[in-house]
Amino acid sequence: MINRREFCKKTMMIAGGLAIPLTALEIFDPRRLHAEKDGKEKVRWVFLVDINKCVGCGLCVKACKIENDVNWDANVTRTWVERYVVTKDGQVNIDSPKGCRDGFTTQKIDQAHIGLKEIKPEDIAKGFFVPKLCNHCENPPCVQVCPVGATYQTQEGVVLVDRSWCIGCGYCVMGCPYGVRFFHPELHVAEKCTLCYHRLSQGLKSACVDACPFGARRVGNIRDPEDPVTKIITMEPVNVLKEEFGTKPQVFYLGSSKEVK
Amino acid sequence: MKNHVWRPLFIVLAIVGGILITRTLLVPSDFGIWERGYMYGWHRKSNEDVWKKYPIKYKTAKVCAECHKDKFNDLKDSPHASISCENCHGPNYNHPKDPLGLDIDRRRDLCIRCHAYLPYRDSARAKIPGIDPQKHYPTEECIMCHYPHNPKKPNPKHHTAGVKP
């Protein structure tokens, strides 16, 4: 007959014994070890958006479309700018005609099939512009749902799509809480912001960052404490979008407001 | 054991073997979990280089300044200094080899991206001089009067057009 002391001892031994091989497998995966040895933690690209500086000119959207060969006339874009107009009675009006490809040049709010909505200037409490792009999340849900391994995260934290491997199932398009993914109108594969991976790898900044005349968009390396972007993110009041989803987004917003979704 | 037990077992083994062989033939050798682990890093490693080699179109104003120093200096002290050359002159691609000349956007649409008045007092837009595009010389091009490299100066080329700002 087993006594209580023996029972507790054996239960703990079995639980501990089961846990060891699982962690051992994780530690001694040679491919993983090799990868971690080769400069993991050196570069992690992050993005910083300053809402206070954005004027809604859409030059970033134009540059992105041209740089990354996203069809000019198709109503899809890797990055876009939203306009928020909050009236004095608390109503929030949001629009982004053509993703702000041609900038905001009229006061009328584009409500798609409903038409254009006019808001009297005296009724406006505040109006501002919010650039949006892929958040290059630390825990990207779009990558988790890919059934074929066509989308992945590089060691620099950039989420990419393998165009020759994508089967076009659209799970990632549905899985992204930020709605940044779409189908490429010509290639018919999942398409998204690459943070201009080709430019970053060659020491340039993302095309939207270079195109912005106001410094509203910046890209930086969060692992480098001397990087000015890192300094702002660590020392100033920044916000992220939809934190409650647990995706750990890596696009940080300065001057964000509660209306921003 | 009897034959009727072995036979289906061989069939199952053959199917499993067949699947494994096709898998090794179809799956590229660089397909693996790599740095970010199974959940986020399950991919073809060589695709990273495909993305790294994507052609750069916007070469930045630094490249423009190498040859067009005069224009670069012209812009340097103007309120438009922060606007990158390629925003109006178009992406560099491989200029001057290909294309020989760039397609400059001289349209009103480009200027009113920033200069169309919008009544948002606290946004950065309010700090930029704004016009109503429907009322401010709607049929004229902005560059007829305004010099884009330095809006404080009148346009030396088009000043005689007869339109007064």
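How far apart are the mean positions of the positive and negative charges of chain A? In this predicted model, where local features need pLDDT of at least 70, side-chain atom pairs count only at pLDDT 80 or more and totals for chains, interfaces and linings use all residues, side-chain values use heavy atoms, with hydrogens and water left out. Residues are numbered from 1 along each chain as its sequence is written, while chains are lettered from A and ligands numbered from 1 in the order in which they are written.

For chain A, the mean positions of the 36 positive and 31 negative charges are 4 Å apart. Here Lys and Arg count as positive and Asp and Glu as negative, with His and the chain ends not counted; each charge is placed at NZ of Lys, CZ of Arg, CG of Asp or CD of Glu. In chain B, 27 side chains are positive and 17 negative, and the centres of these two sets lie 6 Å apart.

Turning to the fold, chain A contains eight helices and 13 strands, taken as DSSP runs numbered from the N terminus (helices: H or I, at least four residues; strands: E, at least two). With a radius of gyration of 23 Å, well over the 18 Å that the globule rule gives for 261 residues, chain A is more spread out than a compact globule. This radius is taken over C-alpha atoms, and the rule is 2.2 Å times the number of residues to the power 0.38. The C-alpha trace of chain A spans about 85 × 45 × 40 Å along its principal axes.

Four strands of chain A form an open sheet with mixed pairing and the order 11-1-13-12. Strand 11 (217-221) and strand 12 (238-239) of chain A stand at the edges with a single partner strand each, so one side of each has no neighbour in the sheet. Two strands pair if DSSP finds at least two bridges between them. Strand 1 (residues 45-50) and strand 13 (residues 251-254) of chain A are joined in the parallel sense by four bridges, and A:Val49 has A:Tyr253 in strand 13 as its bridge partner.

Chain B has seven helices and two strands, which run α-β-α-β-α-α-α-α-α from the N terminus. Its radius of gyration is 31 Å, well over the 15 Å that the globule rule gives for 165 residues, so chain B is more spread out than a compact globule. The C-alpha trace of chain B spans about 105 × 40 × 30 Å along its principal axes.
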